[in-house]
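Here is a set of questions and answers for someone meeting this structure for the first time. Please look at the sequence and the model before reading on.

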Amino acid sequence: MHKIHPNNILVTNIIDPDWEPIMKRASTIVTNRGGTTFHASMITSKMGIPAVVGCINATSKIKTDDKMTLSCAEGDTNFIYVKALDFTVTKS
């Protein structure tokens, strides 16, 4: 956990309230377990951190130092691209 630096993506099986300091450092969080009412979803939403929860196999598919782009802007469906994509952030 000490390896998470600002702008890193935290990929883990599950998170709990004790992880809040780590979550604040991450730019995005991806978990294997969880859903829309899961702790990770509620906390990250309050913190303004994008999260993709309930991926089932994220920790086995995503490797340390993988370049990724996550899109959480499509409503209930989120996308993880295991490559860096060009993108533009639009705030309303």
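**Strands, cores and pairs**

Q: How many bridges join S1 to S2?
A: This is a predicted model. Strands of a sheet pair through backbone hydrogen bonds, either parallel or antiparallel. S1 and S2 run parallel, and the number of bridges joining them is four.

Q: Which hand does the crossover from S1 to S2 have?
A: Between S1 and S2 the chain passes through H1, which makes a β-α-β crossover. Its hand is right-handed.

Q: What is the order of the strands in the open sheet?
A: The sheet has three strands with parallel pairing. S1 and strand S3 (51-52) each have a single partner strand, so they stand at the edges and one side of each lacks a neighbour in the sheet. S2 (residues 28-31) is joined to S3 by two bridges. The order is S1-S2-S3.

Q: Which residue in S3 is the bridge partner of valine 30?
A: Strands S2 and S3 run parallel and are joined by two bridges. In S3, the partner of valine 30 is valine 52.

Q: Which side chains of S1 point to the buried face?
A: Side chains alternate along S1.

Q: Is threonine 12 buried or exposed?
A: Threonine 12 is in strand S1 (residues 9-12) and stands opposite threonine 31 in S2. Leaving out residues up to four places away in sequence, threonine 12 touches Trp19, Val30, Thr31, Asn32 and Thr59. Its relative accessible area is 11%, and buried means under 20%, so threonine 12 is buried.

Q: Is threonine 28 buried or exposed?
A: Threonine 28 lies in strand S2. Beyond residues up to four places away in sequence, threonine 28 touches Asn8, Ile9, Leu10, Ile49, Pro50 and Leu70. Because its relative accessibility is 10%, threonine 28 counts as buried.

Q: How many residues does the largest nonpolar core have?
A: In soluble globular proteins, nonpolar side chains tend to be buried together. Among the members of the largest nonpolar core here are Ile4, Leu10, Trp19, Met23, Ala26 and Val53. A second, separate core of six residues includes Val52, Ala58, Ile62 and Leu70. The number of residues in the largest core is 12.

Q: How far apart are the closest N and O atoms of lysine 24 and glutamate 20?
A: Side chains of opposite charge can pair when their charged atoms come close. Lysine 24 and glutamate 20 both lie in helix H1 (residues 20-25), four residues apart, or about one turn of the helix. They form a salt bridge, and a search of the whole structure finds one such bridge. The closest N and O atoms are apart by 3.6 Å.

Q: Is lysine 24 buried or exposed?
A: Glutamate 20 counts as partly exposed, at 35% relative accessibility. Lysine 24 has a relative accessible area of 57%, and the cut-off for exposed is over 50%, so lysine 24 is exposed.

Q: Are the rings of phenylalanine 79 and tyrosine 81 stacked or edge-to-face?
A: One aromatic pair is found in a search of the whole structure. Phenylalanine 79 is partly exposed at 34% relative accessibility, and tyrosine 81 is partly exposed at 33%. The ring centres of phenylalanine 79 and tyrosine 81 are 6.3 Å apart and the planes are at 20 degrees, so the pair is stacked.

Note on methods: Residues numbered from 1 in each chain as written. Predicted model: local features only at pLDDT ≥ 70, side-chain atom pairs only at ≥ 80, totals over all residues. Heavy atoms only, no water. Core = buried A, V, L, I, M, F, W, Y, C linked by side-chain atoms within 4.5 Å. Buried < 20%, exposed > 50% of the residue type's maximum accessible area, 1.4 Å probe, protein only. Phe/Tyr/Trp six-rings, centres within 6.5 Å; stacked < 30°, edge-to-face > 60°. Contact = heavy atoms within 4.5 Å. Salt bridge = Lys/Arg side-chain N within 4 Å of Asp/Glu carboxyl O. Pairing = 2+ DSSP bridges. Right-handed = clockwise from strand over helix to strand, strands pointing away.
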